[in-house]
Amino acid sequence: MMKGSRTFFKYIGVFLILLFSCNEDRIGENDLGTIKGTVVASGSNTPLTNVRISTQPITSTVFTDSTGAFRIENVPVGEYAVEARIDGYITDFEPTVVVANADVNVVFELEVSTANNRPPAAPELIAPTENEVLQSIEAVFQWTTTDPDEDPITFTLELRNDQNDDVQIFEEITDTTFTYSPLILGAKYFWQVTASDEINDPVLSPVGTFEVISAPIDNRFLFVRKIDGNNVIFSADESGAEFQLTSQEKNSYRPRRNVAANRIAFLQNDGAQVHIYTMKRDGTDVQRVTGAVKPTGFNLNEINFSWPPTSDMIYFPQLDKLYRINSNGQGLELVYQTPDGSLISEVDVSETDDIIALKTNNLQGYDVQIYTIDFAGNVLDTILTGMPGATSGLNISVTNQMVLYSYDVSGFQGANYRRLDMRLFVYDLVTDITTDISQDKPSGTNDLEPIFSPNEAFVIFTNTSNDGISQKDVYRLEIESAEDSRELLYENAFMPDWE
């Protein structure tokens, strides 16, 4: 072969090699980049683990780690739609452009999927029952419902009545019970509950109706009953019809009615403190009386106060001092201070005869003295002194000639103030004679908190087992024939008053 021919074919070979090399390695085709990023829950920014990450066009599929991060490497340059998918969340797509030899960052904020979420069941109204007549100015609303997806539910209670155009709406209730007072006496009410899971449309209950009894202002008996851990004041008539005066959401006790003012004074907890309040006989118009100086003693459950029948002054103890204050909260005065520092626990006052009956004791409730003084602080009569044991209740008769009290004849003095044999006694201020009127008291029980009847023929009092935890009941007995005259008036009741 000639030399020229060999040279020609050499150049042709090089040309073909270059030609095919250019066809297989076009500019940019082997340039690669990386897609990285994080996936979090929308709103909380909580990292989501094990989220499936893929691209369109398809490259690789990866999953997020415990920090919600992911990384797809060796992705050819170009435009992609990156997909994030996990059960329970709405799938999201984010557009991105991959460039050569670089990382491109993508952040997903996934919304919770509610596509298959179901609403709660319509609330079923439980209490008050349909057309119930409430014996109180307080309503405890109760209802029930369920959510098929166990979503948290909040409730709205709407309340209307037939006395005015008021529409009361209580929102963001998280429990299936709600207490409201005061209701309008004699009114008919309509109520409805709305349930919302914040995902679906709210659902409504049927409309419930109930009524409130008209004001039983002629009830002459008052007593206390414990409901859900709180003391609640009731009024009642002699037939046993009862009416709740105070809310079961507050601790209210020791009611004392003043006939002239036509109001009821009582003790009520205000946080850790106890104050004197007054209210109308139907439980409305509650007003606080005491302020910086308030009832205090060795045991707040044993503290008593006095509101004389024809007076506007309320007398109450604070440790070793006796104060009085106008029922409107004005005119606070110091009346008396014990000379020996003993604590005043109970007081009853007759302003007409210038007599104050006092019960004093030590910090444990013992070393008891019961005596009367005049308004100058002079001792008139010593009724009980130097005797071991506890006492309970102190009441001067209408005639101002007798003092009624209860005393533990067992003389027991325990650290927990347990009383074993409390009996009722009447002391005659004229003859200085003391009479036991608890002859037929059942063994193992205590007679406590006695009060004279308005005509002084009877005594109303509390009887309970001496175990200190059993139910208390209110009884009545006739003073002149105390034996076999006990009559049960109100069950599960204590701290009675009869005006």
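## Charges over rings

The charged end of Arg-476 lies over the ring of Phe-458, at 5.4 Å from the ring centre. A charge sits over a ring if NZ of Lys or CZ of Arg is within 6 Å of the ring centre and within 35 degrees of the ring normal. Arg-225 also has its charged end over a ring, that of Phe-234, 5.0 Å from the centre.

## Basis of the model

This is a predicted model, in which local features need pLDDT of at least 70 and side-chain atom pairs count only at pLDDT 80 or more, while totals for chains, interfaces and linings use all residues. Residues are numbered from 1 along each chain as its sequence is written, and side-chain values use heavy atoms, with hydrogens and water left out.

## Aromatic pairs

There are 20 aromatic pairs in the structure. Rings of Phe, Tyr and Trp (its six-membered ring) pair if their centres lie within 6.5 Å; planes under 30 degrees apart count as stacked, over 60 as edge-to-face and the rest as tilted. Phe-170 and Tyr-180 form a tilted pair, because their planes stand at 50°, with ring centres 5.4 Å apart. Phe-170 belongs to strand E12 (residues 167-173) and Tyr-180 to strand E13 (residues 177-180), and the two residues are ten apart. Strands (E, at least two residues) are DSSP runs, numbered from the N terminus. Phe-170 is buried at 18% relative accessibility, and Tyr-180 is buried at 14%. Buried means under 20% relative accessible area, exposed over 50%, and partly exposed in between (1.4 Å probe, protein chains only).

Phe-461 and Tyr-475 make a stacked pair, since their planes are at 20°, and their ring centres are 6.2 Å apart. Phe-461 is in strand E36 (residues 458-465) and Tyr-475 in strand E37 (residues 472-478), so this pair ties together parts 14 residues apart in sequence. Both Phe-461 and Tyr-475 are buried. Ring pairs also join Phe-221, Phe-223, Phe-234, Phe-458, Tyr-490 and Trp-498 into a cluster.

## Nonpolar cores

In soluble globular proteins, nonpolar side chains tend to be buried together. A nonpolar core is a set of buried Ala, Val, Leu, Ile, Met, Phe, Trp, Tyr and Cys residues joined through side-chain atoms within 4.5 Å. The largest nonpolar core here has 46 residues, and those with the most contacts inside it are Phe-141, Leu-159, Leu-183, Trp-191 and Phe-210. A second, separate core has 18 residues, including Ile-53, Val-75, Ala-84 and Val-106.

## A four-stranded sheet

Strands E31, E32, E33 and E34 form an open antiparallel sheet in that order. Two strands pair if DSSP finds at least two bridges between them. Strand E31 (391-396) and strand E34 (434-436) are at the edges with a single partner strand each, so one side of each has no neighbour in the sheet. E31 is joined by five bridges to the antiparallel strand E32 (residues 402-408), and Ser-392 stands opposite Ser-406 in E32.

## Buried polar side chains

Asn-117 is in the loop between strand E7 (103-110) and strand E8 (124-127). Asn-117 is buried, at 17% relative accessible area. Its side chain makes polar contacts with the side chains of Asp-151, at 2.8 Å, and Asn-200, at 2.7 Å. A polar contact is a pair of N or O atoms within 3.5 Å; within protein, one must be able to donate a hydrogen and the other to accept it, and residues adjacent in sequence count only if both atoms are side-chain atoms.

Ser-235, in strand E18 (residues 230-236), is buried at 2% relative accessibility. The side chains of Ser-235 and Asn-219 are in polar contact at 2.9 Å.
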